[in-house]
Amino acid sequence: MTIEEAKKHLSNVLNVLIEQSSPANLAAVKDRISNIVDVFKIENNYIYVIVKDKLNLLLINRFDSRQMDAILQEILPEKYGFKFITQMDVDIEKEKNKTIVNTPMQINFDRSSRKLRAEFTFDNFVVGNSNRFAYTSAVKVAEAPNNVYNPLYIFGDVGLGKTHLMMAIGHYILDKDINTNIVFTTAQQFTEEYFVYTRKDNSNIDDFYNKYYSADILLVDDIQFLENKTHTQEEFFKIFDRLHNDNKQIVVTSDRPANELKIMNRLKSRFSWGMPVDIKTPDFELRIKILRKKLDVLVSNPNDVPDECLEVIADEFSANVRELEGALTRFVSYCVSMNLDFSKESVYIALDGMLQPRKQSESKEVEDKIHSLIDIVTKYFQISEEDLLSQNRKPNLVYARNICYYVLRGELNLSLTKIGEFFNKKDHTSISYGVNKIKEQIQTNLNVKNDINYIKDKLV
């Protein structure tokens, strides 16, 4: 295919896209595709299409690319797909004389039949201490499927990036070969499919098996939903074994380690064959990095949003990346809609509806753990609770307080504000300083490390 032919196909696809758009969506579709600039090149059965900027790249990938690929596949006898890139990407590629296909930004999703979210790529995954091992393991699997870890078992709490990493593997592999058959499902969807097929004419069950047996890569999200579903577990076990024996890559996510799931031991054993990796709650530094990354697609100039705004959001929304990004999106949208400056005060105004329920739902369990920690620390250091919570600056008391700050921040993931409430409403700066002080001392002082380990063990 030549560039001119590709341009003609792109024009035809856009015309059909407009024709297929509903009256309610027509204006938005026209606005988005008006930001398509040109065709850059054709490579590996992908037509590279230049879009004005990152924001429009995100919008087109999210709302239009799947339909555009489906239209293209109806026009052409051979399988082709679109990849959307920015003019900045083109300029960088020309300068460095690198191929676009090797640039992580260009990974796109498999369009009509594979349910991978466009934004869930390695390039958009923010890496920190809490997720680095999971990230590097996922990259290794994507670079050499079937040869490194099979299965890759990613586990962790809700909203920390498990699905993102799983789909990033799919994007990366599709970027190398558009014809790879990647099957993505959730355990709940798998269960529902099996339920439907077993209640149809028996001949239809072959469609169920063919879908999964034909997979080159099987991605299964939230495997914990197979708990207490004996028959479905049996079917999944058969599919797992068949694919594994055929040297097909399997990636599974869960909210817990495999040995904690209420599933058959045979499946637990299979999950342990490869590599189990966990994603922990992001620390403060990583949350700030995530917010900065998100700003790139929310505002034209991220520098317009002061650091103190991000710090408040990162402090208040500490346990869940989805909530963290959602809070930033609401803050930016609220300020733009209400014509407010991006300021610390505006954060509290914009997020009041989200912050109040959080404050009201502080659980008794957390408060009990705080009191338990104070009890452990005071006994361990042989000081009184009154002295620990006082303003006394004796070195032994300051050290004990800093230990409390560090454990509350790291183990219970409490906000600086919440910690301050238990220590005579100290400002954020003093608490943050105390946490960082302990972090530094742990690296050089074995006694500090031993103190922390003892207290953490007792707290559990």
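A residue is taken as buried when its relative accessible area is under 20%, and by this criterion buried residues make up 48% of the 460 residues in the protein chain of this predicted model. The chain contains 22 helices and 8 strands, and its C-alpha trace spans about 80 × 55 × 45 Å along the principal axes. Among the contacts in the chain with a separation of 6 or more, 72% are accounted for by residues 24 or more positions apart.

Five of the strands are arranged in an open sheet with the order S5-S6-S7-S4-S8, in which the pairing is parallel. The edges of this sheet are formed by strand S5 (182-186) and strand S8 (275-279), each of which pairs on one side only, and neighbouring strands are turned by 15° against each other on average when direction is ignored. Strand S4 (residues 152-156) is joined to S8 by 5 bridges, the two strands running parallel, and S4 also pairs with S7 in the parallel sense, here over 4 bridges. Both pairings involve Ile154, whose bridge partner in S8 is Val277 and whose bridge partner in S7 is Thr253. On S7 there is a further parallel pairing, with strand S6 (residues 217-221), again over 4 bridges, and within the sheet Leu219 stands opposite Val251 of S7.

A separate open sheet consists of 3 strands in the order S1-S2-S3, with mixed pairing. S1 and strand S2 (residues 46-51) run antiparallel and are joined by 6 bridges, with Val49 in S2 as the bridge partner of Val39. Helix H3 (residues 54-63) lies across S1, S2 and S3, and its direction makes an angle of about 160° with that of S3.

Helix H3 also contributes to a pocket, as set out below. The second largest pocket has a volume of about 1,000 Å³ and is lined by 42 residues, of which Glu119, Phe120, Asn124, His164 and Glu325 are the closest to its centre. The elements giving two or more residues to this lining are H3, helix H7 (162-176), helix H12 (284-298) and helix H14 (321-337), and the largest share, 6 residues, comes from H12. Classified by residue type, the lining of the second largest pocket comprises 17 nonpolar, 10 polar and 15 charged residues.

Notes: Residues numbered from 1 in each chain as written. Predicted model: local features only at pLDDT ≥ 70, side-chain atom pairs only at ≥ 80, totals over all residues. Heavy atoms only, no water. Pairing = 2+ DSSP bridges. Contact = heavy atoms within 4.5 Å. Axes fitted to C-alpha atoms, helices over the stretch in contact; angles between N-to-C directions. 1 Å grid on protein atoms, 1.4 Å probe; cavity = no way out; pocket = protein on both sides within 12 Å on 5 of 7 lines; lining within 4 Å. Points joined across faces, edges and corners; volume = space filled by probe spheres on them. Nonpolar A, V, L, I, M, F, W, Y, C, P; charged D, E, K, R; others polar. Buried < 20%, exposed > 50% of the residue type's maximum accessible area, 1.4 Å probe, protein only.
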